[in-house]
Amino acid sequence: MKKIIGLSVLFFVLGVQMVVAQAKQITGKVTSKEDGLGIPGVSVVIKGTTVGTVTTIEGDYSIQANSKDVLVFSFVGMKMQEIAIGARTVVNVEMEAETIGMEEVVVTAYGSKGKVGLKGAVTSVQSDELEQVPMATFDQALQGKTTGVYISSGSGQPGSGDTKVRIRGNASITGNNAPLYVMDGVPIEPSVFASLNVNDFESISVLKDASASSIYGSRASNGVILITTKRGKAGETKFNYRFQNGWTSRTRDKFDMMNSTEKLAFEELAMRGEGWRLSPMNPANAGLSEAQLAANEGELNRLRNTNTDWRDVFTRTGQTQSHEINMSGGNDKTKFYFALQRFEQEGQAIRSDLERTAGRMNLDHKINDKLRFGLSTSMGYTTSSMIESEGGIALANPFAAAYLANPYENPYDEKGNIVTGGGRTGSNALDRLLNSSNNKAETKGVGAMHLEYDLIKGLTIKSQVGIDYRMTTYERWLDPNSYAGQQVTNGQQGSISENFARRSEMNFTNTADYKTEIGEKHVIGALVGSELIKRKYDGFGYTGYGLNGKLPETPAAVTPGSPDNNFIPNVSGYKSERNLFSVFSILNYTYDSKYSFYGSLRRDGSSAFGENNKYAVLYSLGFTWNITEEAFMSNLGWVNNLKLRASYGTTGNQEGIGSYESQTLYGAGSYNGQPSMGLTHAGDPDIKWEIGKKFNLGIDYNLFNNRISGSVEFYNDITSDLFIVQSLSSWAGVPGDSKSVNAGKMRNRGVEFLFSADVMRTKDFTWSVGANLSYNDNEILSLGQVDEFEQGTSIVKVGLPLGSHYIVKWAGVDPTTGNPMYYTKDGQLTDTYRSSDAVTDFGTSEPPFIGGFNTKLSYKGIELSANFSFAHGYKRFNNQSFFQENPNFAQFNLSTVMNTIWQKPGDITEIQRLGTEREFSSKDIEDASFLRFRNLMIAYTLPKSLLQNQKVIDNVRIYAQGQNLYTWTSYTGFDPEDSDNIAKYEYPSSRFFTVGVDVAF
């Protein structure tokens, strides 16, 4: 048989030729040593060739081979076997599961062949748990899947980068708390993932303790997320086509808004709005005739019978669709993986969508017995259309307007035109949404190219160059003929703006990786290396005015500005650079497969710091005891693996200060109407790294023939020298009267539990369950020269966790007077609101308990799986209730709770009387704990017997799933797991229903 495959992508041509001499037919069966059942999907390849096959659902296989050939049997989670054929025509194989601990997933940092693997608290999520999830960014697909990682989506906008990811809590107060992301050895920008295809990922590993993350030094205080993409394997070229189609919709609200009858009645009570203007109780109507009063009543009846559900006006059932094809294969010299995806998603809000085209090519080539070449490339292009004023308290935000607009208003007149004007909240927002645009286009490329050379036995040197590149263009346009366009300050004739942003980060890495065995009991592994990272930012933008309505959405419509026409455009721009140079090493030693000692040492130098503190030396030490190998465990056959781990080390953080924090800067300004130069930043040569000191103790276990596995972790992390913005005297001459200093210290300590089990496992049926639970206790230990300072609606205070709410305590409504009541700082009742009475009795916005659980049932070709995630013990401000339950906002629609407003002495209610000021207090703080039904999937894989008569299609899998199906919570805002501590009509999370098919051929 002879097959030639030509593949031409991104300047590379790969020729793969397979020649197999016809020989005898070899048949056999591959079974599990544990239970004797056949194993489907085992790869059977003739060693040194690309000729191969896979076992059937019963574990049977058939292949043509010569007597001198050797068959290689491999399967994930099983020990690989090589068997010489000889004179046999039947080769049966019994495969044994690899007994590994939880941390022994092959995870390497800078390693060439995984000789020096990372040790410590490492958890991994494999590709089968990530694929087919209908989320535009991969970080949301990780929700609830592993310990110590809290992920909350900040916006339901398709492709939004507002997702919050925290590993073992917040490690910084004012600095960046996002983890370091590394894909195929290339550090990539956090939160910018809309252009990446998660189906290309082989695994995602989370590094949590110092032993695992310290090798990344000054970027690892917030943890590290390593992404490994799929690569080709020797064997026949395999094609996979994936199609997915689905629908997005809004989730159920936890509150009710007034209908027209209720709202008009409330307006009459509040003596404002249409309900009061037309009311016979209004003194202004006392002199009206019977006919005029009847006309008013008729108008009221018309308004009462007009019930516009503005949610239906601003939202829709959106569609999601994805097409993807990938191919992989190769021989013992060259292996490749290629994928191309087209992904489209409409959000639940009109004019919100994402379109992505993403491609990947990974190539591995063995030049000779010692030299190897590798290439990893991905390129994605996305375009997004976004709503107006997303994530803010603004009437242009459709998710605010949908609830605040009065239900008795129609958006359109008899001719179908949008009715706009003063006080028309819904129509004005709709007019702006339909007569404006807010678009983003992003091009992102991540690539790495490396060479490996086996210098001597056991020693490999490797050089790699990588790049993470992003170019983003933002375009906004406001129709000059629209109501909103006529409100523009500069000329009242609309506006158009375009902003360009570019980020590039190059990294150059050189390593020497060594591993040797001394005798039968000593294994030594070592890695040394250097790394240079160069990061650059630049951007430019403008806003033009006085648009020609006949030239929509183009800069050509801009009227040139002059001192007389008020059309002077705004321009802006920036440029910055930051560099990091590091040298590092890892040393691992294992004695008698029982005791492992490992350590790492790294020295980082950053251009962001001054000469006094430019460098940081960071390290880690660790120990693992493989208890299973001890003689006293020999009689405990039900314990397949038991390991104890301990580690301590340091990590750093430099994100959170400017690239030129140590330098005194000057910039352009104006003085008395004339251009000038002035001080813009006072440099501090003593500013230095935030340093994290991390201790971890863990146990990994596999029990009862590996049917039960899991881990338990305890950690104590203390971060010192935290960046704090300190206020200075105005006489200091520092712009903004403040500067960043190293003054804080904070602790995170907690426990993590990871558990999985095969409850039942037979030939045709498998039932597995899994769960994870994490508890994190955060406490601020020091703030330098002060004990506390306010930060928005929270307080940063020694002895409290980060995110502690700080507000005046609500005491209810006085049933005698209807006045709002509060508690003073010393606990006394008062009807006087004073911000100085704010206290910290309301917990934190950061959940101390997080986790998830899942179950999966498989019967022959049918699979049913369910995933849940939860967070407990935290609270959020619901700023939406401040607007929807406010007697002073009767011009907007209100919650039905307002029907219980205090009206007479003796009324027991939480709604204060009309005429009193609604203050922001602890009344607006709600328990945000939740349990979310994250995903439900049912899938069916066609039996091999249906496909055996044709030679094109190898496998077909059909599935249907629901995402974000239901949330159990007492929180009444849009979404309890939003990414900050206060709800502000952010784009809520959507519910997804999708169907799909995967075809392998």
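## A walk through sheets, helices and a pocket

Let's start with an open sheet of three strands, whose order is β39-β40-β41 and whose pairing is antiparallel. Its edge strands are β39 (809-813) and β41 (829-830), each of which pairs on one side only. Keep in mind as you look around that this is a predicted model.

How many bridges join β39 to β40? There are four, and the two strands run antiparallel. Together β39 and β40 form a hairpin with six residues between them. Look in that turn for Gly818, which has a positive phi of about 80 degrees.

Now follow the chain onward through strand β40 (residues 820-823), which is joined to β41 by two bridges, again with the strands antiparallel. Here Tyr822 stands opposite Thr830, while Tyr823 stands opposite Leu829. The hairpin of β40 and β41 has five residues between the strands. Which residue of this hairpin takes a positive phi near 90 degrees? That residue is Gly827. While you have strands on the screen, here is a handy rule for viewing them: in a regular strand, side chains alternate between the two faces of the sheet.

Next, move to another sheet. This one is also open, and it has five strands in the order β10-β15-β16-β13-β14, with mixed pairing. Its edges are formed by β10 (122-126) and β14 (186-188), which each pair on one side only. If you ignore direction, neighbouring strands of this sheet are turned by 25 degrees against each other on average.

From strands we turn to helices. Helix α3 (residues 260-270) packs with helix α5 (residues 290-304) at an angle of about 135 degrees, and their axes are 8 Å apart. Why is α3 called oblique to α5? It is because of that angle of about 135 degrees, since roughly antiparallel would need an angle over 145. To see where the helices touch, find Ser260, Thr261 and Leu264 in α3, which meet Leu300, Leu303 and Arg304 in α5. The residues of this contact divide into three nonpolar, two polar and one charged.

Our last stop is a space between atoms. Rolling a probe the size of a water molecule over the atoms shows where empty space is left. The second largest pocket holds about 480 Å³ of space. It is lined by 26 residues, and the closest to its centre are Lys164, Arg166, Glu846, Ser979 and Asp980. Which strand gives the most to the lining of this pocket? That is strand β12 (residues 164-167), with three residues. What kinds of residues make up the lining of the second largest pocket? They divide into eight nonpolar, 13 polar and five charged.

Notes. Residues are numbered from 1 along each chain as its sequence is written. This is a predicted model: local features need pLDDT of at least 70, side-chain atom pairs count only at pLDDT 80 or more; totals for chains, interfaces and linings use all residues. Side-chain values use heavy atoms; hydrogens and water are left out. On a 1 Å grid over the protein atoms alone, a cavity is a set of points where a 1.4 Å probe fits but cannot get out, and a pocket is an open set with protein on both sides within 12 Å along at least five of seven lines; lining residues have an atom within 4 Å of a point. Grid points are joined across faces, edges and corners, and a volume is the space filled by probe spheres set on the points. Ala, Val, Leu, Ile, Met, Phe, Trp, Tyr, Cys and Pro count as nonpolar, Asp, Glu, Lys and Arg as charged, and the others, Gly among them, as polar. Axes are lines fitted to C-alpha atoms, for helices over the stretch in contact, and angles run from 0 to 180 degrees between N-to-C directions. Angles under 35 degrees count as roughly parallel, over 145 as roughly antiparallel, 65 to 115 as roughly perpendicular and the rest as oblique. Contact means heavy atoms within 4.5 Å. Two strands pair if DSSP finds at least two bridges between them.
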